[in-house]
Amino acid sequence: MSKNKHKQELEFNSALNIKYLRLFADFENFKKRIKKEKLDIINNANETLLLDLLSVLDDFSRSLKEIKKSNNVPLIQGISLIKEKFYKILKNKGLKKIKTKKGDVFNTDLHEAITQVKADELKGKVIDVIEDGYYLNNKIIRYSKVVVGN
């Protein structure tokens with residue numbers, strides 16, 4: 001075999017090797033991307049269901065607030081236990097409450113202003129939380145609905 005032909009074969013094999021390595025790397029990246037997308041779909045598949053169930057959780061909170069006015073301790077304890085069990089189930093599915101309280105600085109990344117009220121000392125701060133906000137696997141699925149001082 002001549003030196004020239006041998007050199008051509010080495011260059012050809014080298015080019016094939018480079019193409020093979022690029023194709024292999026592309027395929028590995030494809031597999032990783034598909035695996036990540038599949039995991040994201042699985043983690044957020046329940047998002048719409050959980051959003052619907054949040055209204056039930058809100059109803060529990062509102063009813064508990066009203067029942068506390070009656071001082072009916074067994075009823076209060078019963079509703080509290082049901083609410084906590086329900087929230088625990090939702091929490092196990094990846095739900096987490098956004099911690100918002102009166103006096104917090106209004107943050108558009110976490111809060112949705114329902115209305116503004118004149119308040120000199122709480123200007124730009126949360127005056128009242130109307131509806132709690134929630135994360136699902138570190139993604140906000142519902143913003144906290146708040147009244148803001150103006």
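A residue is called buried under 20% relative accessible area, exposed over 50% and partly exposed in between, with a 1.4 Å probe and protein chains only. By that scale Asn 138 is exposed, at a relative accessible area of 74%. The model is predicted, so local features need pLDDT of at least 70 and side-chain atom pairs count only at pLDDT 80 or more, while totals for chains, interfaces and linings use all residues. Residues are numbered from 1 along each chain as its sequence is written, and side-chain values use heavy atoms, with hydrogens and water left out. Helices (H or I, at least four residues) and strands (E, at least two) are DSSP runs numbered from the N terminus. Contact means heavy atoms within 4.5 Å.

**Helix H2**

- Helix H2 covers residues 47–67, and its 21 residues should span 30 Å at 1.5 Å a residue; the expected span is 1.5 Å times one less than the number of residues.
- The end C-alpha atoms of H2 are 30 Å apart, in agreement with that expectation.
- Buried positions in H2 are Glu 47, Leu 50, Leu 54, Leu 57, Asp 58, Phe 60, Leu 64 and Ile 67.

**Helix H3**

- H3 has 20 residues and reaches 28 Å from its first C-alpha to its last, close to the 28 Å expected at 1.5 Å a residue.
- Its buried residues are Ile 76, Ile 79, Lys 83, Phe 86, Tyr 87 and Leu 90.
- Seen down the axis of H3, the buried residues fall within an arc of 105°, so they line one face of the helix; the arc is that of the directions from the helix axis to the C-beta atoms.
- An α-helix has 3.6 residues a turn, so residues three or four places apart point the same way.
- The buried residues of H3 pack against H2, E1 and E4.
- On the face turned away from the buried side, H3 carries the exposed residues Pro 74, Leu 81, Lys 85, Lys 88 and Asn 92.

**Backbone with positive phi**

- Most residues other than glycine have a negative phi.
- Asn 71, in the loop between H2 and H3, is not a glycine but has a positive phi of about 60°.
- Asn 71 is exposed, with a relative accessible area of 61%.
- Asn 138, in the loop between E4 and E5, also is not a glycine and has a positive phi of about 65°.
- Gly 94 follows H3 and has a positive phi near 105°.

**Gly 133 and Glu 131**

- Gly 133 is in the loop between E3 and E4 and counts as buried at 0% relative accessibility.
- Leaving out residues up to four places away in sequence, Gly 133 touches Lys 96, Lys 97, Ile 98, Arg 142, Tyr 143 and Ser 144.
- The C-alpha atoms of Gly 133 and Gln 77 are separated by 25 Å, and the two residues are 56 residues apart along the chain.
- Glu 131, in strand E3, counts as buried at 18% relative accessibility.
- Beyond its neighbours within four places in sequence, Glu 131 is in contact with Asp 58, Arg 142, Tyr 143, Ser 144 and Lys 145.

**Helix H1**

- Phe 24 is found in helix H1 and is partly exposed, with a relative accessible area of 44%.
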